[in-house]
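We will go stop by stop.

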Amino acid sequence: MSRFFEELDYRPTPIGAISLRRRRELRLDVDVYEIKLGDEFLMSSLFTASEVALARLGLAALAGDALEVAVGGLGLGYTAQAVLQHRSVRSLVVVELLEAVIDWHATGLAPLGPQLTADPRCRFVRGDFFALAASDQGLDPDSPGRLFDAILVDIDHSPAALLDGRSTDFYLPPGLRRVAAHLRPGGMFALWSDDLPDPAFVERLAGVFAEARVEPVTFHNPLRNCSYTQSVYLGRKAASPAAG
């Protein structure tokens, strides 16, 4: 039996204090890992359906057996794990702002850390995803201008609920066009949101991408014995300039 509660790490960061905690959920007889930023819960290992769906939906429409994928936001690693479960993925770059989060995986404090770090296809990049997405150099500092088949983002709570002001412009048409520039023709952009689908944001995506939609992801909350719905937004870049 594990301890009922343990704070595994706590560190100040430029956007607030971040902590990794493990607690025993007695009602379910499981250990739960949680990341908190200040008093806000960022992620829990008890609720990962939408993080997995972000990878599944973002990669579902892509063909080929050598896909190159970028993920914005490492968290507890469930999106990265789901990406690597696709045998068609040749490489994965995970961009994470906070050194602490990368350290948790590198040292094995985070439960999926050993699995992710052992996969030669996976590489962590410490950096500001939003700044890199807005730059001409792109998301991989080791390969300026590199294009990806899919870019999957799970950082803010939603396009309307941001962790801090760094990402304000990202969700507007100019920011979306900049991130789309780092996709190959036909590539997929996918975005996680803690909120219900927002038709206005789908419309914004449709102004940038050749195809745009939102998929609700509903799962059961065993603690409250009710259903909860989050969202994955999807945008597909035109297959060629002539396609729109």
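**Stop one: the pocket and its strands**

Select β4 (40-44): this strand gives the most to the lining of the largest pocket, with four residues. Strands here are DSSP runs (E, at least two residues), numbered from the N terminus. The model is predicted, so local features need pLDDT of at least 70, side-chain atom pairs count only at pLDDT 80 or more, and totals for chains, interfaces and linings use all residues. Residues are numbered from 1 along each chain as its sequence is written, and side-chain values use heavy atoms, without hydrogens and water.

Now look at the space itself. The largest pocket holds about 550 Å³. A pocket is an open set of points on a 1 Å grid over the protein atoms alone, where a 1.4 Å probe fits, with protein on both sides within 12 Å along at least five of seven lines; lining residues have an atom within 4 Å of a point. The volume is the space filled by probe spheres set on the points.

Next, select Phe-41, Ser-44, Phe-47, Asp-194 and Gln-230. Of the 18 lining residues, these are the closest to the pocket's centre.

Which order do the four strands of the open sheet have? The order is β1-β2-β3-β4, with antiparallel pairing. Two strands pair if DSSP finds at least two bridges between them. β1 (5-11) and β4 are the edge strands, each pairing on one side only.

Finish on β3 (residues 30-37). This strand pairs with β4 over four bridges, in the antiparallel sense. Pick Ile-35: its bridge partner in β4 is Met-43.
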